[in-house]
Amino acid sequence: MTMVAVIGKLRGGPIPTRLQRVSWIVMSAATAREVIDACRLLAGFSEEPGRTTRTFLSPPMRGVHAYLAAWMQRVGMSVRVDDAGNLRGLYPASSPGRPRLFIGSHLDTVPNAGAFDGVLGVVLAVALVELLEQQPLPFSIEVVGFSEEEGVRFGVPFIGSRALIGTIDADLLERADAHGRSVADAIRDYGLDPSCVGNARANDDALGYLEFHIEQGPVLDALALPLGIVTTIVGQSRVTATFTGSTNHAGTTPMHTRRDAVAGAAEWITAVEALAQHTPGLVATVGRVIARPGASNVVAGVCDASLDVRHASDDARATAVESLRHAAREISSRRQLTLHWDTHLDQGSVAMSPALVTALERAVAAQDVPVHRIDSGAGHDAMIMATRMPAAMLFLRSPGGVSHHPDEAVIEGDVAAALGAGLAFLEDLARAHT
Ligand SMILES: [Zn+2]
């Protein structure tokens, strides 16, 4: 299918013949290679030689912005960097006053990252606009490369998408990094104006938000599926459980008189794992344990254990957390320990827009790819954008489930399928808004 034919299809033209569909797939495959090459090239813009680390508005972000801005301009977009450091390319609609579709993901990375987490979603969005060959749609497309999602530099995630929904406040701007530089300082260092962050807010003309992202988990790979349509971004609870007993000598204190905080925490940790293993859809993790005083010859008097609980259902998550709290209390009282339970986070699950999920299902089915719905166990910018507009996410399989690691990868055919699904999704929206 030539691009003219694609556009004809976008405008509600005839259903393509099988031959046209085959050539469309070939065209998407050619572009899929470019998408992967671009992601690998962008991974070279890093704060650390030999590995990819790119935090909020650090110097290498300029190279990423320059590369993507030039590409955006070539394909007919007007480009700016807003005052929260988000790269934004606007592809105009066929006429003024039409609504806007946002497509994006994040451009920052974790330390020693792979080449695809975040960046892939931005590069795919630009490639998708390139496939339109400067033919306008009945809505504009704004591609957003968010400045920050991982929360590495300031310990707070989603600075970029929060600016688009208008929830960056003075407290956040004053938050400091490990070197004492604030978010506002970082914005100024980049040549932007923190007092104008409010101007980054998206207008109220949004049709919705679409994000392509690698799954970052093993589910699609295990099922041998290229794509997954996200229905829900799961809710999270984070707690610190502190068990307090009595510090004493490891050699002279008889076992029956001990009040060992680490032993109590250990019993509880196995209860956490057992509950998650027997509760469908639940994941629960104790990822950090601190024993105090922390010496090999001392019975620990205090033990802090972190708890991270996630489930697509907020009720199921709340029930699990309550059950784990009850278990911690029971273990503590039996072992003559005291328990302190400190809840840091109780974040509800976020549903993707049912209408956009259905449109994505049609778009994926049109690629002759199995339609598979999936929950996202990780947070994403789509979760933030969903508070202001209908949002949808398409996951690409992560080979081996590997992510946040230099070995992170994508499969070229999956990227081609995502591009084809993206075009079909635009076609669907174009029909609805003509
Ligand atoms: Zn990401």
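Reply: Let's start with the labels: helices (H or I, at least four residues) and strands (E, at least two) are DSSP runs, numbered from the N terminus. In this structure, for example, the loop between β5 and α8 (219–222) holds Q216.

Me: What kind of model is this?

Reply: This is a predicted model, where local features need pLDDT of at least 70, side-chain atom pairs count only at pLDDT 80 or more, and totals for chains, interfaces and linings use all residues. Residues are numbered from 1 along each chain as its sequence is written, and side-chain values use heavy atoms, with hydrogens and water left out.

Me: Which residues coordinate the zinc ion?

Reply: Look for donors, meaning N, O and S atoms within 2.8 Å of the metal (3.2 Å for Na, K and Ca); water is not among the atoms, so sites may look incomplete. Here H106 (NE2), D117 (OD) and H213 (NE2) coordinate the zinc ion at 2.0 to 2.2 Å. Along the chain, the donors of the zinc ion show the spacing H-x10-D-x95-H.

Me: Is D117 buried or exposed?

Reply: D117 is buried, as its relative accessible area is 7%; buried means under 20%, exposed over 50%, and partly exposed in between (1.4 Å probe, protein chains only). H213 counts as buried too, at 1% relative accessibility.

Me: How do I read two packed helices?

Reply: Two packed helices are described by the angle between their axes and the distance between the axes. Axes are lines fitted to C-alpha atoms, for helices over the stretch in contact, and angles run from 0 to 180 degrees between N-to-C directions. In this model, helix α9 (residues 261–277) and helix α10 (residues 314–334) have axes 10 Å apart and pack at an angle of about 150°. On the α9 side, the contact (heavy atoms within 4.5 Å) is made by G264, E267, W268, A271, V272 and L275. Their partners in α10 are A320, S323, L324, A327, A328, I331 and R334.

Me: At what angle do the axes of α3 and α4 cross?

Reply: The axes of helix α3 (residues 60–74) and α4 cross at roughly 20° and come within 9 Å. From α3, the residues L68, W71 and M72 meet V122, V123, V126, A127 and E130 in α4.

Me: Which residues does M72 touch?

Reply: Leaving out residues up to four places away in sequence, M72 touches M77, V79, L87, G89, V126 and V143. M72 lies in helix α3 and is buried, with a relative accessible area of 0%.

Me: What about the backbone? Where is the cis peptide bond?

Reply: The cis peptide bond joins R292 and P293, with omega about 10°. You will find P293 in the loop between β10 (289–292) and β11 (298–299).

Me: What is the phi of N112?

Reply: Phi of N112 is near 55°, which is a positive value in a residue other than glycine. N112 sits in the loop between β3 and α4, and at 25% relative accessibility N112 counts as partly exposed. Now return to Q216: this residue is not a glycine, yet has a positive phi of about 65°.
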